Amino acid sequence: MNEEKTLPMVLKDIPKEIPGIDDIQLLIIDDGCSDNTVDVARALGVQHVVHHAKPMGLARAFRDGVDYALKHGADIVVNTDGDNQYPSAAIAELVQPIIHHEADIVVGDRQTSKIKEFSAFKKTMQHFGSWVVNKAAGTHIPDAASGFRAYSKSSLIKLNIVTEFSYCMETIIQAGNKRIAITSYAITTNPKTRESRLFSNIFEHMAKSGGAIIRSFLMFKSNVIFKWAAIVFGVLGLIPFVRYLVFFFQGNSQGHIQSMLAGVALILLAAFCVALQIISEVQRIQRRLVEDQLERIKEIEYSAPMQKVWADQDEWGGYSGKPTGGTVVPGFLRTLVFARLCDDDQSAAGMVSPSRDMSR
């Protein structure tokens with residue numbers, strides 16, 4: 001269930017140099033590993049390790065990896081898998097839109113229609129799922145479920161992961177609604193090395209992904225649901241109510257009281273939805289203000305002066321051991337490639353530093 005066998009394949013193809021990048025560093029997230037994956041990673045030159053005493057799940061591992069990367073000066077974070085699904089050599093091209101200020105998030109498009117291991121049903125569901133995510137986000141990402149991604153520091157400061165399953169869908173929906181520039185880059189996947197550990201079958205994956213999409217959509221557009229509910233109930237309520245009024249003014253209202261009751265009930269439901277829409281709009285404004293404050297807190301937490309403090313932190317989160325990372329180099333743009341190990345698919349990632357400060 002661990003990645004000690006596949007991690008060497010992932011790491012050997014990660015570029016040692018990338019045009020526009022000053023410094024490339026590697027990070028793995030030990031999400032409760034029980035094999036020798038961490039030892040293998042150290043032997044292969046991985047500089048940073050984030051430990052979880054027990055498996056915390058994909059989303060939490062990603063969040064903790066990003067937090068560590070930004071604390072240690074990363075300006076670009078690239079996430080890949082520890083099972084060698086994604087081509088590590090493509091990282092150099094994946095980060096180019098960020099280096100050239102063309103995008104803040106780049107998603108690797110696996111071109112799922114060409115993956116032989118995917119059944120026709122799975123390909124259809126992947127395409128449909130990406131379509132739903134793009135509709136919810138207002139984006140045009142062909143492979144929303146892909147975990148091979150590059151993020152700029154500014155985008156990671158704006159994103160807030162709240163789901164417990166997979167961050168893939170959520171970050172796209174957040175990016176679209178927060179107007180974060182996002183694009184895709186076509187890649188080809190490596191041969192399959194193992195079955196997924198995120199889910200036991202495609203239907204479980206669909207259910208969990210669907211829940212994540214709905215929760216992310218409700219964060220930003222719950223008022224839209226109540227608005228359309230109010231319109232639908234209002235129109236449906238007016239039909240029987242107007243019908244009753246017609247009979248009433250014709251002096252033939254006897255026997256049509258049911259139309260009035262049904263119309264009034266539906267119109268009351270519409271009024272209730274209007275009230276909920278107003279409440280959801282107020283909550284949406286409140287969330288924006290809270291996220292604005294959180295963004296400013298993150299900017300302070302991940303600033304150069306604070307990075308000097310985090311540089312003394314050991315890999316277990318304390319300050320009594322030897323720090324995992326090196327000293328912070330002011331003025332460098334670093335990219336941290338990190339990998340999540342053990343229970344789920346997303347396993348590897350890293351830190352890259354372009355020649356100019358992308359955090360500004």
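Biologist: Arg-287 and Glu-291: buried or exposed?

Modeller: Both are buried. Bear in mind that this is a predicted model.

Biologist: What is the closest N and O distance between Arg-287 and Glu-291?

Modeller: The closest N and O atoms are 3.9 Å apart, and the pair forms a salt bridge. The cut-off is 4 Å.

Biologist: Where do Arg-287 and Glu-291 lie?

Modeller: Both sit in helix α10, residues 257-301. Four residues separate them, about one turn of the helix.

Biologist: What about Asp-292, which residue does it form a salt bridge with?

Modeller: Arg-296. The closest N and O atoms there are 2.5 Å apart. Asp-292 and Arg-296 are separated by about one helical turn because they are four residues apart in α10.

Biologist: How accessible are Asp-292 and Arg-296?

Modeller: Asp-292 has 34% relative accessibility, so it counts as partly exposed. Arg-296 is partly exposed too, with a relative accessible area of 46%.

Biologist: How many salt bridges does the structure hold?

Modeller: Eight. One of them pairs Asp-64 with Arg-60, with the closest N and O atoms 3.1 Å apart. Asp-64 and Arg-60 both lie in helix α3, residues 58-71, four residues apart.

Biologist: Switching to packing. How do the axes of α8 and α9 sit?

Modeller: The axes of α8 (residues 167-177) and α9 (residues 202-249) come within 9 Å and cross at roughly 20°. That angle is under 35 degrees, so α8 is roughly parallel to α9.

Biologist: Is the α8 crossing left-handed or right-handed?

Modeller: Right-handed, as α8 passes α9.

Biologist: Which residues meet there?

Modeller: From α8, Met-169, Glu-170, Ile-173, Gln-174 and Asn-177. From α9, Ser-209, Ile-213, Ser-216, Phe-217, Met-219, Phe-220 and Lys-221. By class, the contact of α8 with α9 has six nonpolar, four polar and two charged residues.

Biologist: How many α8 residues are buried?

Modeller: 10 of its 11, so α8 is mostly covered. Among the buried ones are Met-169, Glu-170, Ile-173 and Gln-174, and these four also meet α9.

Biologist: What happens just after α8?

Modeller: Arg-179 takes a positive phi of about 60°.

Biologist: And how do the axes of α6 and α9 cross?

Modeller: α6 covers residues 120-137. Its axis and that of α9 come within 10 Å and cross at roughly 5°. α6 and α9 are therefore roughly parallel to each other.

Biologist: Which residues make that contact?

Modeller: α6 brings Phe-121, Lys-122, Met-125, Val-132, Val-133 and Ala-136. α9 brings Ile-202, Phe-203, Met-206, Ile-213, Phe-217 and Lys-221.

Biologist: How many nonpolar, polar and charged residues are in the α6 with α9 contact?

Modeller: 10 nonpolar, no polar and two charged. Ile-213, Phe-217 and Lys-221 of α9 take part here, and they meet α8 as well.

Conventions: Residues are numbered from 1 along each chain as its sequence is written. This is a predicted model: local features need pLDDT of at least 70, side-chain atom pairs count only at pLDDT 80 or more; totals for chains, interfaces and linings use all residues. Side-chain values use heavy atoms; hydrogens and water are left out. Axes are lines fitted to C-alpha atoms, for helices over the stretch in contact, and angles run from 0 to 180 degrees between N-to-C directions. Helices (H or I, at least four residues) and strands (E, at least two) are DSSP runs, numbered from the N terminus. Angles under 35 degrees count as roughly parallel, over 145 as roughly antiparallel, 65 to 115 as roughly perpendicular and the rest as oblique. A crossing is left-handed if the near helix is turned anticlockwise from the far one by less than a right angle, and right-handed if clockwise. Contact means heavy atoms within 4.5 Å. Ala, Val, Leu, Ile, Met, Phe, Trp, Tyr, Cys and Pro count as nonpolar, Asp, Glu, Lys and Arg as charged, and the others, Gly among them, as polar. A salt bridge is a side-chain nitrogen of Lys or Arg within 4 Å of a carboxyl oxygen of Asp or Glu. Buried means under 20% relative accessible area, exposed over 50%, partly exposed in between (1.4 Å probe, protein chains only).
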